[in-house]
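Here is a short briefing to read beside the model. Please keep the viewer open as you go.

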Amino acid sequence: MFPRGVAVGMTRRLVHIICLVVLLFAKDIVMVKHGDFKTCQQSGFCVRQSAFADLVDKVPSFGSQYELLPDSLKIDEGKGVVTAHLLDQKQKTPFIFELFLLEHDTARVRIKEAPPIKPRYELLGDLALASSLPASVPIAKVNRTSTGEEIAVHFGVSGKNLLVLHARPFRFELSVNGVPAVSFNDKGYLYYEHSRSKESTPALENQAASAADGNVPVEEGANKDDEITKLQEALNKDLWEETFNGKTDSKPNGPASIGFDVSFPGSSNVYGLPQHASTFSLKTTRGENREYDQPYRLYNLDVFEYILDSPMALYGSIPFMMSHKKGVSSGVFWLNSAEMWIDVEKSKGTGTLSKLASYIPFATSKETSATTTSTHWMAESGVLDVFVFVGSTPNDIFDSFTAITGRPAMPQHFATAYHQCRWNYMDEQDVADVNAGFEKHDIPYDVLWLDIEHTDGKKYFTWDKTKFPNPETMQNNLAGTGRKMVTIIDPHIKRDDGYYVTKEAREKGLFIKDKDGNEFDGWCWPGSSSWIDYTDPAARQYWAEKFQFSEYKGSTPSLYTWNDMNEPSVFTGPETTMPKDALHHGGIEHRDVHNVYGTLLHRSTYEGHLLRSKNEDRPFVLSRAFFAGTQRYGAIWTGDNTAEWGHLAASVPMILSIGVAGVVFSGADVGGFFGNPEPDLLLRWYQVAAFQPFFRAHAHIDTKRREPWLFGEPYTSLIREAIRQRYRIMPYLYTLFWQSTQNGSPIMRPMVSEFPEDENTFGMGDQFMLGKGLLIKPVVQKDQSSVDVYLPKLAVWYDYTSLGKVAPSAAGVLNVKTPLEKIPVLLRGGTILPRRERIRRASNLMLHDPYTLLVALDHKGEATGTIYADDGHSFRFREGKYVLSELSYSSGTLSARGVRLGNDAKLSDADVDALSARVERLIITGLSALPKKVELDGRQLEFTGEKVDGDVYKIVVKDPKAWVGRDWKIHVE
Ligand code: NOJ
């Protein structure tokens with residue numbers, strides 16, 4: 001036996017050695033298996049909530065335990081607020097129910113314990129919602145049954161929205177223009193685990209057993225009693241402690257989970273709930289023919305080599321879901337940052353429709369036979385704070401959801417261009433060589449990225465002095481060619497007393513604490529690390545200040561930031577993340593804020609960029625973890641994908657799902673992070689990513705180099721061409737980014753949001769629209785010589801390259817040949833698309849180049865388009881320093897109108913000229929005959945014309961000398 005002190009010393013040394021070995025293989029220790037992540041059956045609250053739902057299905061009286069007390073009802077018609085007491089009849093626990101009617105056809109429903117024995121976390125609003133929320137709207141009309149059992153509240157323009165509240169059992173339904181849209185607690189799954197002390201258990205859930213007495217339907221051959229007993233037992237699973245893979249969650253506050261159901265009557269599709277490597281229209285996870293045997297999980301996790309077609313949790317979580325059926329769209333957002341599981345179930349019929357019938361006499365028979373999608377939401381803690389949105393189209397829902405969670409930030413122009421990254425560009429010479437490679441091969445790019453190896457021992461805000469002795473010169477050299485640099489800055493801080501960030505943050509008490517109140521110690525890239533607590537305003541302020549040029553030595557104004565590992569990833573933690581019982585500012589448990597943690601780092605870095613530029617420069621920060629509201633701070637990417645065709649295919653529904661949930665600026669690692677893509681896979685990836693919002697190539701440190709010119713011909717030329725495609729459409733793309741700052745519309749859009757009347761598009765996630773005008777379908781298989789594309793019949797379509805009109809089959813399918821140089825890109829008739837054809841080495845060098853306008857006529861011979869332009873980097877656009885041009889083509893006239901909004905009435909012609917450029921080429925396709933002349937202000941314009949496929953004519957007008965942002969008309973006669 002060793003004396004105690006010696007033993008401790010030896011153990012420390014041993015731990016140290018083990019850690020060093022572990023570090024040597026740092027890349028491999030994250031090689032987690034799927035058994036390293038919980039299933040619902042391994043998560044106490046998921047078991048309990050699912051058991052409750054199963055009990056309700058088997059013994060319906062379980063689902064009737066919540067009642068609104070009619071006598072307590074208060075309605076403030078002017079303010080659009082309804083409040084009441086809600087009683088859990090079985091547990092005799094009182095709750096407060098609050099309903100707030102808001103602008104944007106939004107209803108907010110809050111249910112809280114009154115009061116809880118232990119405080120429940122509900123500070124999230126300040127962290128996740130927009131700084132100013134939509135105003136309340138008055139109630140247009142209220143109907144109440146004499147007993148007060150049903151209250152019908154009309155709100156919105158002309159009272160088109162109707163919310164019917166039922167007291168017993170408690171539930172509500174929302175319809176729009178008489179059509180049922182959303183129904184809450186229709187299935188009776190509402191189950192709010194009230195706070196309690198450990199001593200007050202035996203769990204009240206046990207009493208539930210008696211409620212079932214005599215109500216148990218007996219099925220042949222099944223021992224129902226056993227089943228019910230098991231389910232009842234499951235209601236008590238892991239209330240006060242939970243162990244997974246040898247790691248114990250101490251749960252000092254006991255159970256606090258919440259579950260409820262939301263149904264979308266008559267709707268077969270639900271979307272959103274990112275992040276999952278799954279389909280765009282979510283699959284079923286409950287019911288007999290369910291497609292997944294697990295619910296969708298929302299819990300920010302660093303999942304090594306994630307599998308495809310799975311509801312497993314990934315790096316980001318947005319508890320937002322959208323649904324659409326013809327004429328009605330709806331959305332649900334649960335403001336809650338705790339771990340969540342969501343089941344999706346489809347059934348025939350419309351569920352609540354019959355119950356709504358007295359209010360909606362015109363419920364159609366067609367709808368009664370439709371499918372209803374029901375969803376069951378389960379969160380580990382927090383409060384029930386749910387926003388319900390209704391509208392006619394998905395665009396209405398994007399607008400409403402981002403009115404609540406914030407509009408996307410306007411990125412700098414360079415950020416929307418092509419980015420070159422790998423783990424790692426090893427030193428300054430490597431950086432210079434890569435930069436020279438792009439020059440030599442005449443391939444444009446805007447940003448070169450440095451991963452963790454650029455630091456001194458994974459201490460962020462520092463440089464490896466041997467490899468990067470002159471970081472400022474390196475950045476300035478790039479800036480000299482119009483390019484930027486990004487460095488990675490993660491939230492784990494090396495526990496090294498000589499590291500100034502550790503020292504300062506420790507002194508200020510800014511680190512997350514473990515359950516016993518000591519600084520939390522876990523492992524990440526630097527080895528033993530602590531994590532900054534971004535929930536603490538003081539920590540956010542401290543972090544933001546670290547980006548000052550005087551603080552971050554070696555940084556320059558052209559250096560931007562990448563925040564990684566912010567789920568947070570903790571190699572030694574449960575499920576590779578922070579223990580749930582770790583403590584944040586104010587004693588808040590990590591379990592309550594887990595899913596928002598990464599976004600708070602993102603926010604804090606964003607604020608740091610603002611601070612360092614004195615609010616002059618728009619920040620650019622890429623984050624891996626995300627939550628609702630992330631769009632206010634910048635871009636995200638889909639994490640560590642693999643160089644496989646399946647991952648290329650999966651990137652499309654993943655980016656779509658993230659985009660409909662407000663985070664419009666996202667992309668996938670081009671080429672795939674793990675593994676070595678074959679050249680054709682890499683090329684196909686570039687070809688589609690050129691049309692996706694965030695366009696960055698990235699690769700794991702163990703992969704072969706894959707800069708675009710390394711694969712020889714024809715690949716170098718074809719990848720060059722794919723990247724050039726991106727640079728050509730940047731005026732269009734930048735305009736889309738600006739539009740999304742106005743209304744939250746995704747840049748990359750699902751077919752359903754552009755064609756909400758076409759039911760064929762509702763389940764579609766393998767092709768997408770870039771804005772309104774371009775339809776893209778990726779090639780996601782090797783040697784695929786042709787691809788079928790679905791083209792909604794409501795539109796006329798043109799091949800984007802030939803500009804000939806295409807002829808889809810009667811079913812709307814077009815088979816497009818896909819030789820290596822081409823993926824299907826279709827231009828929608830009715831579009832005016834601005835392009836820049838003079839490709840330069842970096843996008844900012846093109847900002848003053850002239851435009852080419854591409855006009856594709858619809859079946860009425862018309863088209864519309866918008867061009868937004870500003871200085872590309874500052875916030876002066878907020879003061880009106882931008883150009884907005886509305887273009888329309890009709891009856892042979894192309895009209896341009898410079899729109900002056902807000903304060904920009906002061907914009908002079910000189911300002912317009914400074915911010916904009918002239919049109920150097922006008923292309924019109926879809927004409928029924930060649931025109932005789934083309935004129936601007938009586939001035940004849942030179943043009944050429946030809947007949948293209950589909951029996952239409954295309955003309956190219958040379959240099960009309962018309963300025964974007966000014967008013968003019970061009971006549972085509
Ligand atoms: C994990 C990130 O997902 C990956 O993109 C990055 O290269 C590595 N961390 C190293 O920083």
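The ligand is surrounded by 13 residues (each with a heavy atom within 4 Å of it), and the closest are Asp451, Asp564, Arg624, Asp640 and His698. This is a predicted model, in which local features need pLDDT of at least 70, side-chain atom pairs count only at pLDDT 80 or more, and totals for chains, interfaces and linings use all residues. Residues are numbered from 1 along each chain as its sequence is written, and side-chain values use heavy atoms, with hydrogens and water left out.

**Around the ligand**
- The shell divides into eight nonpolar residues, one polar and four charged (nonpolar: Ala, Val, Leu, Ile, Met, Phe, Trp, Tyr, Cys and Pro; charged: Asp, Glu, Lys and Arg; polar: the others, Gly among them).
- Asp451 places a polar side-chain atom 2.5 Å from a ligand oxygen atom.
- A side-chain N or O atom of Arg624 is 2.8 Å from an oxygen atom of the ligand, and for His698 the corresponding distance is 2.9 Å.
- Of the 290 Å² that the ligand exposes when taken alone, the protein buries 99% (Shrake-Rupley method, 1.4 Å probe).

**Confidence**
- The protein chain averages a pLDDT (the predictor's confidence in each residue, from 0 to 100) of 92, and 91% of the residues score at least 70.
- Residues 1-32 have pLDDT below 50, with 22 contacts (heavy atoms within 4.5 Å) beyond near neighbours in sequence.

Note on methods
Polar contact = N/O pair within 3.5 Å; in protein donor to acceptor, adjacent residues only side chain to side chain.
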